[in-house]
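Please go through the briefing below with the sequence and the 3D structure at hand. The points are grouped by topic.

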Amino acid sequence: MTERQLIQQAADGDARAIRTLYDRYAPRVYAVVRRIAADDELAQDYAQEAWIRAIRALPTFRGDARFSTWLHRIAVNAALQAIRKAETRRKREAPMPDRVPVGPKRSDALLQKRLERALDALPEGMRRVLILHDVEGYTHDEIGDVLGVTAGTSKSQLFKARAKMRDMLSSLDGAAQEHGAEAWGSI
Amino acid sequence: MGQHLNADTLARLVDHPAEPGEARHLAQCERCRTELTAMRDQTDALGALPELLPPVGDWDVLEARLRSEGLVRDRGLFDRFGLARTPGWMRAAAAAVLFLGGTGVGAVLGTQGALPTAGGLSGGDAQFAQAATLESAAEAVRRAERDYVTALTRYQALLGTDGEAGAMADPSRMAALEYLVAASQAAVRQAPADPFLNGLLASTLAEREATVQRLASRRDTWF
């Protein structure tokens, strides 16, 4: 069965087709919303919302873009809108630690863990731009569309985010060298 | 050599060309070159971050939401048991029965006996009430599904091959309909604001009304 046929069946409400699409794309959807949300529980909520929206909108999917791209955009929008709603409710930003409790570079897996934790610790505005640009490969124009900012603002935020990440990671490397690798055993 | 390049400038140089002054500085300053290399490595590593698996049980939660919003239909269930031509109102009522557990339906439809009492519905409720985990709840739903399909198969046979009023006697049909109405009403009592369940109840009531009118019409002709 082609993906187009699969999508058509899912649009008709076929449970097995929807499950197949979910199995195929859930890791991609979850990854982007998890990184935007910086929180496991929120990420699950956002991913679920993204899937609900996508399945609801499937009959309108015309195939102009790749399905994965279309779904990815829905996931990003769902996460960003949910965060905006939460921000409106809280009227404050959650406190962000200045330093990230991550350890020295020991393996790719550990490097990924360090990066993920550093991403979680970035201020939200910077994190969104950094994830969309450096992780997800959006252009500044696309980021501008999604976030409602200018391409120039997107660039500015990106450079600050990269610098902040570098600062956090290098501080940790220095601390790890001072205190020894075992100091990071709790990671 | 001048001042070192600041962090924002180095971040820009990750994927933008350097201005002539910046390029001259980089050519002479090992510290800035090292920092720029580190920032490029960091950016490459971000781009290579893997996809992440959603938590275990994520699909079960999503599937429940999709069903509650009417975005999923189990075409396979009816097709699998040769019930593709089952009338729409019966499918709707089936969902209400499934909601309650469905275990009492097999008894009433299989025997064409007396309608179940309120206790007949509670058996299905108990299955779900006792389900302590998502897996056990799913198993209870699967059991209810099997019971219901068995009952629906019998009902289909009684109705005849066209799925409408056929071989089944109207009193038996009415008895089964009364049960389905009761099941739908019980479902609505549990979730009074649920538009889907209210829709099921309305469909079943409409079918019962149509059957009553058909019976009344036949009596008029007979007399």
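Helix α2 of chain A (residues 15-37) packs against helix α3 of chain A (residues 40-57) at an angle of about 135°, their axes lying 9 Å apart. This is a predicted model, in which local features need pLDDT of at least 70 and side-chain atom pairs count only at pLDDT 80 or more, while totals for chains, interfaces and linings use all residues. Residues are numbered from 1 along each chain as its sequence is written, and chains are lettered from A and ligands numbered from 1 in the order in which they are written.

**Helix pair in chain A**
- α2(A) and α3(A) are therefore oblique to each other, oblique being what remains once angles under 35 degrees (roughly parallel), over 145 (roughly antiparallel) and 65 to 115 (roughly perpendicular) are set aside.
- Residues of α2(A), including A:I18, A:Y22 and A:R34, meet residues of α3(A), including A:L42, A:Y46 and A:W51, where contact requires C-beta atoms, placed from the backbone, within 7 Å.
- By class, this contact of α2(A) with α3(A) has 13 nonpolar, no polar and one charged residues.

**Interface between the chains**
- In the interface, 32 residues of chain B are in contact with 33 residues of chain A.
- α3(B) gives the largest share of the side of chain B that touches chain A, namely seven residues.

**Chain B overall**
- Chain B has eleven helices and zero strands, helices being DSSP runs of H or I with at least four residues and strands runs of E with at least two.
- Among contacts in chain B between residues at least 6 apart in sequence, 62% join residues at least 24 apart.

Key: Contact = placed C-beta atoms within 7 Å. Axes fitted to C-alpha atoms, helices over the stretch in contact; angles between N-to-C directions. Nonpolar A, V, L, I, M, F, W, Y, C, P; charged D, E, K, R; others polar.
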